[in-house]
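Dear colleague,

Please find below the sequence and structure that I am handing over to you. My notes on what was found follow directly after them.

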Amino acid sequence: MTRHIGIVCPQGAQALDISGPLDVFAEANRFICASDQYCLTVIGIEPGPIRCSNGVLLQPHRYYADACDSFDLLLVAGGPSVPDQKFSDDFAQWLRLASDRARRFGSICNGAFVLARAGLLAGRNVTTHWNDAPALSELCPDANVQADRLYVCDDKLYTSAGVTAGIDLALYLLALDHGQDIALNVAKRLVVFVQRSGGQSQFSPHLMPFIDHDSPIALVQQHVLACLDGDLGVQTLARVARMSPRNFARVFSREAKMTPAEFVERARMDAARKRLERDRRPLKTIAAECGFRDGQHMRDVFRRRLGVSPQQYRLSFGAVNATRPRTGINSNE
């Protein structure tokens, strides 16, 4: 049977939030029989054209008040201005009813804020763009915002991370509907991975929290960054802060919102990320410079924190003109 897909689009939506998932389902129609194909509908929150964040004008198929269908999948697109937008009570009521009728519903990127303002995320596991995750947690404290996930499924609620993660979610849903082979064929057509490695953290800036004043904890953080390959145990850091180890660990955790050991590990990983992005030296050299015990230790930390190996990270984010070691790209890797 025909499957009806609806994409709800606020003003200022990111064009790729809309076109990415739509193209997945449109390409899928090449591989499935006519009776099972997807019918795609773009729904405007306001009457008339939508001006996307890149300036493109998009004419929705329908204004939301005229979209009374029961959708197989109803998604809300996001965009740079979407988290701060307020919507009418009539639209919120329509979205609640439409989501209740839909077989599946959810959001792309920070379209999750639209769902949150309609009261659809309380008590649910969700994700959004890594940069908007703290604000979504503040707006909807009852939601479990999983900031590192590319997409999250909670019963019939499906939310995706930033922008292109909408394609990841669409491919996942396509595989649920028609199997992995169809999803793989579509991924090949779009020249994307059918399932990407890792989570959002590998794409975000280096997430290091700093204390913004001249406190003993700020001095410790500065010491860590200056001495990554040295002894950075609690005893050493407590001496830098001129505190007892027990008091230091308590104060640091309170001010930095993480333990001293976690800060040290993040600092070392961030330093390694920067080196992997800009040069091609052997992994064991970078690991030593950044204070890891060895290359395996660095690999373990990358896998645990980013979901990818240092080599995968380098292949994804390394500069094209980075200096290669004379012994070749795979030396000591």
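How many bridges join strand β6 to β7? In this predicted model, 4 bridges join strand β6, residues 73–76, to β7, and the two strands run parallel.

Is β7, residues 104–107, covered or open on its faces? In a regular strand the side chains alternate between the two faces of the sheet. Both faces of β7 are covered: Arg104 and Gly106 are buried on one side, and Phe105 and Ser107 are buried on the other.

Aromatic residues form a second topic. The structure holds 10 aromatic pairs. One of them is formed by tyrosine 64 and phenylalanine 91, in an edge-to-face arrangement with 5.2 Å centre to centre and 80° between the planes. This pair links distant parts of the chain, since tyrosine 64 lies in the loop between β5 and β6 while phenylalanine 91 belongs to helix α2, 27 residues apart. Tyrosine 64 and phenylalanine 91 are both buried. Both also belong to one aromatic cluster, which is formed by Tyr63, Tyr64, Phe87, Phe91 and Trp94.

Phenylalanine 302 and tyrosine 313 form another edge-to-face pair, at 6.0 Å centre to centre and 75° between the planes. This pair connects helix α12, residues 295–306, which holds phenylalanine 302, with helix α13, residues 310–317, which holds tyrosine 313; the two residues are 11 residues apart. Phenylalanine 302 counts as buried because its relative accessibility is 0%. Tyrosine 313 has a relative accessible area of 1% and is therefore buried as well.

Finally, I would draw your attention to glutamate 265, found in helix α10, residues 260–278. Why does glutamate 265 count as buried? Its relative accessible area is 17%, and buried means under 20%, so glutamate 265 falls within that class. The side chain of glutamate 265 makes a polar contact with the side chain of arginine 305, at 2.8 Å. Leaving aside residues up to four places away in sequence, glutamate 265 touches Val301, Arg304 and Arg305.

With kind regards

Notes: Residues are numbered from 1 along each chain as its sequence is written. This is a predicted model: local features need pLDDT of at least 70, side-chain atom pairs count only at pLDDT 80 or more; totals for chains, interfaces and linings use all residues. Side-chain values use heavy atoms; hydrogens and water are left out. Buried means under 20% relative accessible area, exposed over 50%, partly exposed in between (1.4 Å probe, protein chains only). Two strands pair if DSSP finds at least two bridges between them. A polar contact is a pair of N or O atoms within 3.5 Å; within protein, one must be able to donate a hydrogen and the other to accept it, and residues adjacent in sequence count only if both atoms are side-chain atoms. Contact means heavy atoms within 4.5 Å. Rings of Phe, Tyr and Trp (its six-membered ring) pair if their centres lie within 6.5 Å; planes under 30 degrees apart count as stacked, over 60 as edge-to-face and the rest as tilted.
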